[in-house]
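The structure comes before the text.

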Amino acid sequence: MKTNLVVVPAVAVLTLTAAAFISTADDCVDCHKKITPLIVSDWELSKHSKKEVTCSTCHGDGHKSATDVAKATQPTADTCGVCHEKQVKEFSGGKHALAWAAMKAMPTFHWQPMTMTEGMKGCGGCHKIGLKTEAEIKELKKTSPGFGVASCDACHTRHTFSLTEAKSPQACMTCHMGFDHPQWEMYSTSKHGARHFLKQTRNLPPNSAAPDCHTCHMPEGHHGVNTAWGFLAVRLPMPEDKQWAADRATILQALGVLDPDGKPTARLDVVKASKVAKLTHEDWQAERDKMLKTCNQCHSANFAKGELAKGDDMIRQVDKLMAEAIRIVAGLYKDGALAKPKGYAAAFPDLLTFHDAPTVIEQKLFVMFLQHRMRAFQGTFHSNPDYALWYGWSELQRDLTEIKERAAELREKAGKK
Ligand code: HEC
Ligand code: HEC
Ligand code: HEC
Ligand code: HEC
Ligand code: HEC
Ligand code: HEC
Ligand code: HEC
Ligand code: HEC
């Protein structure tokens with residue numbers, strides 16, 4: 001019973017020696033064996049428990065009893081960095097480190113319920129993997145009692161901090177799934193995933209070849225994840241293919257990164273700061289070369305190069321459909337068949353308004369962009385034919401048809417046929 005632990009007779013306290021007031025690791029463990037027994041047993045399973053990394057190493061020794069719980073501190077990546085400097089340094093240079101800032105940079109961020117963002121039940125639930133500033137940590141303490149600040153526990157979770165867990169694709173599953181980035185679904189139903197699970201269930205020998213997420217995305221255990229194309233699959237310089245260049249320009253305009261005259265806007269600075277796109281060919285090629293080296297452990301260089309080139313070409317193809325749809329909606333604004341929402345900088349629909357876009361046709365454009373365009377090329381890169389075709393390409397075609405039909409209706413309604 002918790003209360004028994006806190007009601008210490010005053011006389012007993014007075015008879016304790018001074019040394020007993022200095023909390024030792026054993027104090028934390030002994031009391032927490034009753035308070036949170038399975039946290040202690042998880043910690044006992046970890047390598048930390050064998051190396052004298054104890055409760056107070058990560059949570060400080062300010063809190064000593066049930067009456068001063070607020071004095072317990074929560075570790076940040078810097079806490080881990082005292083002993084794991086290499087991983088923290090690598091992590092800080094990769095995209096995961098930027099996740100919190102990238103989320104907050106979204107124009108629609110402030111339109112979502114707080115529980116979804118700082119409360120970490122939506123955007124924040126995944127983007128908490130990003131590093132936070134001192135000020136942000138302080139703010140989180142006030143609003144949602146200060147958890148979600150560790151970043152490093154995203155893949156090897158507390159308090160086992162297991163290497164085996166982090167190396168399993170399941171470690172990535174909770175975030176890399178669903179609407180706009182179903183890497184878990186694509187991977188787990190690809191040949192790579194199928195082989196992985198056959199290994200996990202010991203139907204294939206443990207030393208048989210099957211890549212996990214970390215094999216391809218954290219080669220040699222490097223903690224700074226990054227890919228050539230990134231999430232949005234837009235990059236600079238523009239491609240030589242004239243059609244593709246025009247299509248990408250349209251998409252960049254609808255992302256508000258280029259203005260209607262094709263000139264960079266303030267959003268380009270956000271893109272730069274959050275490393276959302278590669279801005280030089282060399283940056284892109286460096287990531288591509290790393291990936292090819294990984295494939296090459298199990299496939300011929302020839303095969304791997306060909307497979308990744310198909311992903312690139314898929315982006316070209318989906319950009320064509322996407323740009324056509326954007327131009328249709330932009331045409332409606334221009335011709336007065338659809339009211340351009342206030343606050344839209346350009347003559348273009350704003351893809352970053354997400355589900356908060358005001359009309360069905362503009363929302364369809366967002367779904368087309370964030371759900372179906374993503375699936376078509378992500379499925380191609382992750383060797384998942386069904387995602388590439390039925391959940392990606394096929395859906396894009398249907399979106400475009402629907403947008404065309406709705407546009408015609410809107411024009412008719414507005415008498416602008
Ligand atoms: C005499 C018992 C006792 C001792 C000793 C003790 N704790 Fe606690 N601790 C508690 C209780 C009670 C809570 C509150 C549990 C709850 O909310 O269910 C708590 C909560 C915590 C929390 C969570 C804080 C939060 O905001 O939810 C952490 C972390 C923690 N203790 C770490 C430690 C560390 C580190 C030590 C040793 C320096 C320690 N504890 C020593 C009883 C103790
Ligand atoms: C290697 C660092 C590390 C060690 C050692 C450690 N913890 Fe934690 N603990 C964490 C991290 C990381 C979190 C999550 C913080 C966050 O969400 O911001 C956490 C959170 C907690 C929480 C609050 C969240 C919850 O799930 O209830 C409690 C309670 C807690 N630890 C107790 C303990 C106790 C007791 C020990 C010793 C047996 C211990 N910790 C040892 C890193 C550690
Ligand atoms: C005071 C030093 C110290 C701190 C702080 C610390 N660790 Fe460790 N960590 C260690 C030691 C020592 C080992 C064991 C290394 C070994 O035996 O190879 C270890 C091992 C690990 C491992 C590998 C476990 C395995 O199964 O091989 C992971 C993952 C890890 N720590 C993560 C973390 C995270 C995350 C944090 C912060 C929340 C953290 N550590 C904080 C010292 C520390
Ligand atoms: C289920 C977890 C999850 C939720 C919920 C989520 N995200 Fe994400 N977000 C991710 C992942 C994972 C990526 C990277 C995907 C990829 O690269 O394919 C990402 C990418 C992004 C990016 C692009 C960053 C870049 O560099 O390209 C932004 C911006 C973003 N999310 C903002 C948000 C906002 C705002 C919300 C809430 C409206 C949100 N996310 C909800 C997991 C999530
Ligand atoms: C995206 C998932 C992910 C995150 C986030 C993450 N790790 Fe890891 N970590 C891994 C994987 C996967 C491995 C195993 C890599 C390998 O051996 O190829 C690993 C290995 C480790 C090891 C063991 C290294 C060794 O060779 O024994 C330590 C220590 C570690 N991580 C610490 C950290 C720290 C500190 C952070 C926060 C900066 C962190 N990790 C964040 C996935 C992650
Ligand atoms: C066989 C290697 C391989 C495996 C396994 C793999 N990926 Fe990928 N991943 C790729 C390639 C190739 C790309 C595209 C790289 C580029 O931009 O050129 C990619 C891209 C990504 C991206 C950026 C957006 C996208 O989908 O194009 C994320 C995020 C990602 N992978 C996460 C994961 C996660 C999470 C897992 C496990 C569930 C996983 N990947 C498994 C090879 C792999
Ligand atoms: C707690 C949620 C979370 C977990 C767990 C997680 N990620 Fe991520 N990941 C994200 C978010 C959010 C982003 C987008 C960050 C940004 O770009 O600002 C991201 C981005 C990435 C990217 C970069 C894509 C690009 O834009 O180039 C790769 C690759 C990636 N993750 C791989 C992994 C792998 C592999 C694992 C498991 C070992 C993993 N992630 C675990 C949330 C997570
Ligand atoms: C750790 C080993 C390993 C790595 C790394 C790896 N693969 Fe594979 N891959 C396999 C195995 C094994 C198969 C199943 C072969 C089969 O279908 O007969 C496979 C199957 C495939 C397939 C399905 C087509 C086929 O031949 O059946 C494609 C496409 C593919 N891999 C592409 C890639 C690409 C691209 C990369 C790098 C981004 C990569 N792989 C990295 C082991 C690997």
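## Ligand sites and a domain interface

The shell around ligand 8 is made up of 8 nonpolar, 4 polar and 2 charged residues. The model is a predicted one. Of the 14 residues around ligand 8, the nearest are His-192, Cys-295, Cys-298, His-299 and Glu-307. Two of these histidines also approach nitrogen atoms of the ligand: an N or O atom in the side chain of His-192 is 2.8 Å from a nitrogen atom of ligand 8, and a polar side-chain atom of His-299 lies 2.8 Å from a nitrogen atom of ligand 8. Three helices each supply at least two residues of this shell, namely helix H15 (191-200), H19 and helix H20 (301-334).

Ligand 6 has 22 residues around it, and Cys-213, Cys-216, His-217, Trp-229 and His-382 come nearest. Its shell divides into 12 nonpolar, 8 polar and 2 charged residues. The elements that give two or more residues to the shell around ligand 6 are helix H14 (183-188), helix H16 (213-217), helix H19 (281-295) and helix H21 (360-381).

Helix H19 is named for both sites: it gives two or more residues to the shell around ligand 6 and at least two to the shell around ligand 8.

The domain assignment of the protein chain gives domain 1 (1-57), domain 2 (73-154) and domain 3 (242-413). How far apart are the C-alpha centres of domain 2 and domain 3? They lie 28 Å apart. At the interface, 10 residues of domain 2 are in contact with 11 residues of domain 3. About 830 Å² is buried between domain 2 and domain 3, and carbon and sulfur atoms give 61% of that area. On the side of domain 2 that touches domain 3, there are 6 nonpolar, 3 polar and 1 charged residues. Between domain 2 and domain 3 the count of salt bridges is 0, while 3 residue pairs are in polar contact, both residues at pLDDT 80 or more.

How values were computed:
Residues numbered from 1 in each chain as written. Chains lettered and ligands numbered in written order. Predicted model: local features only at pLDDT ≥ 70, side-chain atom pairs only at ≥ 80, totals over all residues. Heavy atoms only, no water. Domains from an automatic or database assignment. Contact = heavy atoms within 4.5 Å. Buried area = accessible area lost by both parts, 1.4 Å probe. Salt bridge = Lys/Arg side-chain N within 4 Å of Asp/Glu carboxyl O. Polar contact = N/O pair within 3.5 Å; in protein donor to acceptor, adjacent residues only side chain to side chain. Nonpolar A, V, L, I, M, F, W, Y, C, P; charged D, E, K, R; others polar. Near = heavy atom within 4 Å. Helix = DSSP H or I, 4+ residues; strand = E, 2+ residues; numbered from the N terminus.
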